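Student: Please take me through how to read an interface and its salt bridges in a model like this one.

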Amino acid sequence: MTTFTSRSSANRVIPGFGLSLGFTIFYLALLVLIPLSAIFLKTFTMSWDAFVSAVTSERVMASYRLSFGAALIGAAINVVFGGIVAWVLVRYQFPGKRFVDALVDLPFALPTAVAGITLTSLYSANGWIGQYLEKVGIKVAFTPLGVVIALTFIGLPFVVRTVQPVLEDAERELEEAAASLGASPWQTFTRVILPSIVPALLTGFALAFARATGEYGSVIFIAGNMPMVSEITPLFIITKLEQYDYTGATAIAVVMLVASFLLLLTINLLQAWARKRAGK
Amino acid sequence: MSAVLDNHDKPGVAAPHLSQAPRKATNTLEPAWVRYALITVALAFLTLFLFVPLVAVFTEALKHGWATYKEAVVDADALAAIKLTFIAAGIAVPLNLVFGVAAAWTIAKFDFPGKSILLTLIDLPFSVSPVIAGLIYVLLFGSQGWFGPWLMDHDIKILFAVPGIVLATIFVTFPFVARELIPLMQAQGSEEEEAALVLGASGWKTFFKVTLPNIKWGLLYGVILCNARAMGEFGAVSVVSGHIRGETNTMPLQVEILYNEYNFTAAFAIASLLALLALVTLAVKTFIEWRLHQARKASAQDITTEH
């Protein structure tokens, strides 16, 4: 079956190309493209100097540092622990495994506001976890550390779910061959297994990072939202909106949009690389 | 989220996993203590980050007993919020369902220039911060926005009213159904549809009798994920809602208001309803994945017996 002939015959026989393409583009333009273009067009009403000063003010720079920094740490935590979780779920048997596997997607399914208030109550000074951390002098709720906790939570499924299928498809024979040729388990891991899952780990990292930079609901409750200290960029956009500074809010939104488009591009490249690695 | 769903257990991707033939169960190379240590670390991490918060939602909600819980849930503002959440999801999900099917049909069944650009554009709402998703509707329909003055002249309210909430919900849940259906329909190919059409079925008949039964599980999968996000969306809806009690508050916004008023038990009571929704979503999702896995195994067996 050559793809060329089957595709071209499909184009002839299957109806509805005009209708479905037309509707798809119409709906996409009406609900996504035209509204999104409003953001960019709005910034064109600003002078370049006004734009630059709006997106580089001291307070907004502090919010970038927190949003991107905490997202980076959260994603890094998830690479380590998410990688271990994926490994354990694929390679080992233990009671309750199916339940644990299903639970991994909880941060996708649980509304962010619910996650936000729950994490806050757990990590506040008299919460289940916070009271023990308080004793050793660690404050989590209402500090930047709380932001890291929230962003780790919402990014948790990404690394697990990108690494899991790669490990499932991995050829166990290669590891057995390495072992029978005298490699230690550690050498087998670093020389055989790790290289095969690195693209998936990086993709999961980028996905978790991208999601975390724009996250709002789960963060605002636990962050404390002090300007310069624990104020994330999405919250700063809302603050600007509440002051009716629409252009200021839009300018910062443009910076965040450009950052997320760059991340999207990176993720696509990483996935192409991962597919090539997997030989698909 | 998009790419994860794309990678993991693509529902119904028909590629037969022949390599999943039963293996010897104990061919791990690492020593037993490493195995137990890794399992312990993984379970401790998941317990801390997933299980404890899940238990905490329900514990906090029921802290002062059933009576208080019930009172918080049947409160007039809470019921109004529940109703609005259902309205928003009830409009957004069907619209995105129709779009998802149309988009998947276009992309899976035809070749045309610009296809990969179209795919990227469909994914776009996933990479936009929810706050920005709300902001765009403020720029369009707000009093200083493009259509603001016109809407005001004609006494139409979109922002800080139900239509704005519905639009924001559609935006953030835009790609869910399409993302699930595109890889599924691509993997299934067009042979069955071609056969039906050659035998004289009309285009719509072919769709309803051939295509739809083939994609039903993938479709359901997309719909429940879309619905979970639609009912739980916070950031985007928060920007466009205006937070009018009993009128423009969805359940997540009601949770925020109650929490900020230090009415923690009531906040967690509403939150527990949303957590239940999340658990049901996960259960249905797991069930569908299991069904798809069975279907995949069956089709893999068909292939082996044919040869």
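The dialogue below goes from the contact between the chains to the charged pairs.

Tutor: This is a predicted model, so to speak: local features need pLDDT of at least 70, side-chain atom pairs count only at pLDDT 80 or more, and totals for chains, interfaces and linings use all residues. Residues are numbered from 1 along each chain as its sequence is written, chains are lettered from A and ligands numbered from 1 in the order in which they are written, and side-chain values use heavy atoms, with hydrogens and water left out.

Student: What area is buried between chain A and chain B?

Tutor: Buried area is the accessible area (1.4 Å probe) that two parts lose on being put together, summed over both. Here that is about 8,900 Å², with 79% from carbon and sulfur atoms. On the side of chain A, the residues that lose the most area to chain B are A:I14, A:Y27 and A:Y92, together 7% of what that side buries.

Student: How many salt bridges does the rule find across the interface?

Tutor: The rule asks for a side-chain nitrogen of Lys or Arg within 4 Å of a carboxyl oxygen of Asp or Glu. Across the interface it finds one salt bridge. A:D105 pairs with B:K285, and their closest N and O atoms are 2.5 Å apart.

Student: Where do the two partners, A:D105 and B:K285, sit?

Tutor: Helices are DSSP runs of H or I with at least four residues, numbered from the N terminus. A:D105 lies in the loop between helix 5 and helix 6 of chain A, and B:K285 in helix 14 (residues 264-306) of chain B.

Student: Why does A:D105 count as buried?

Tutor: Buried means under 20% relative accessible area (1.4 Å probe, protein chains only). A:D105 counts as buried because its relative accessibility is 3%. B:K285, at 5%, also counts as buried.

Student: Which residue of chain A forms a salt bridge with A:D105?

Tutor: A:R161 does, with the closest N and O atoms 3.1 Å apart. A:R161 is in helix 9 (residues 144-169) of chain A, 56 residues from A:D105.

Student: Which salt bridge does B:K109 form?

Tutor: The side chain of B:K109 meets that of B:E193, 3.1 Å from N to O. B:E193 belongs to helix 10 (residues 191-198) and B:K109 to helix 4 (residues 76-109) of chain B, 84 residues apart. B:E193 is buried at 3% relative accessibility, and B:K109 is buried at 4%.

Technical notes. Helices (H or I, at least four residues) and strands (E, at least two) are DSSP runs, numbered from the N terminus. Buried means under 20% relative accessible area, exposed over 50%, partly exposed in between (1.4 Å probe, protein chains only).
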